[in-house]
Amino acid sequence: MVHGFDIQEQLITDGERLTALCADESLSSLVQLKHADVLQTEGDLAPKPGPYDGGYSILVWLHLKEKEALAKRAADLLRSGSTLYLEDYALPDEYAGEGDLGTLPEDAKTWLARDVYCNRLITKSEWKALLEDAGFTDVIVEDVSAKWTAFVSSRHAGFTADIETHRKSVSYTHLTLPT
């Protein structure tokens, strides 16, 4: 059984719809999505108590200042010996310094706070320490910026190369393509 949690109820609704579309009905019986706040331990928004066999998180932690609390909660929810895989933002070492966004330029801090809802970043070494302090072992922190840049650039090039096909099949009410 796969359990998925998200604080955004619409993402749970979308996930349930996508799960139903992706495979036969048997997949839906193996996936349970819940509107939940992982930091809650009781109440309607608390996830089902663990232990879980593993954790997977993509671009979630950047939105939370309480990274230490989330790391401890993740460790509490996971079975001993299981794996937590997460991809998230890290503050480049050259911008490490005082404050939640280090010494990043002010325009970058504004963009992160306003458009990304990111008010605190930590460096790779701080990520490692944070996860180890929460009880995780064998922590590997890898900078995948170059891989992601290549991937996103390739996807963008493929999309724009076939823009006429996309214009015929997709509504662009919320999308402006660069010229």
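Isoleucine 58 lies in strand E3 (residues 52-58), where helices (H or I, at least four residues) and strands (E, at least two) are DSSP runs numbered from the N terminus. The model is predicted, so that local features need pLDDT of at least 70 and side-chain atom pairs count only at pLDDT 80 or more, while totals for chains, interfaces and linings use all residues. Residues are numbered from 1 along each chain as its sequence is written, and side-chain values use heavy atoms, with hydrogens and water left out.

With a relative accessible area of 32%, isoleucine 58 is partly exposed, a class between buried (under 20%) and exposed (over 50%), computed with a 1.4 Å probe and protein chains only.

Four aromatic pairs are counted when rings of Phe, Tyr and Trp (its six-membered ring) are paired if their centres lie within 6.5 Å, with planes under 30 degrees apart taken as stacked, over 60 as edge-to-face and the rest as tilted. One of them is the edge-to-face pair of phenylalanine 5 and tyrosine 52, at 5.7 Å centre to centre and 75° between the planes. This pair links distant parts of the chain, since phenylalanine 5 belongs to strand E1 (residues 2-6) and tyrosine 52 to strand E3, 47 residues apart. Phenylalanine 5 is partly exposed at 27% relative accessibility, whereas tyrosine 52 is buried at 12%.

Tryptophan 148 and phenylalanine 151 also form an edge-to-face pair, because their ring centres are 5.2 Å apart and their planes stand at 85°. Both residues lie in helix H6 (residues 145-161), three residues apart, or about one turn of the helix.
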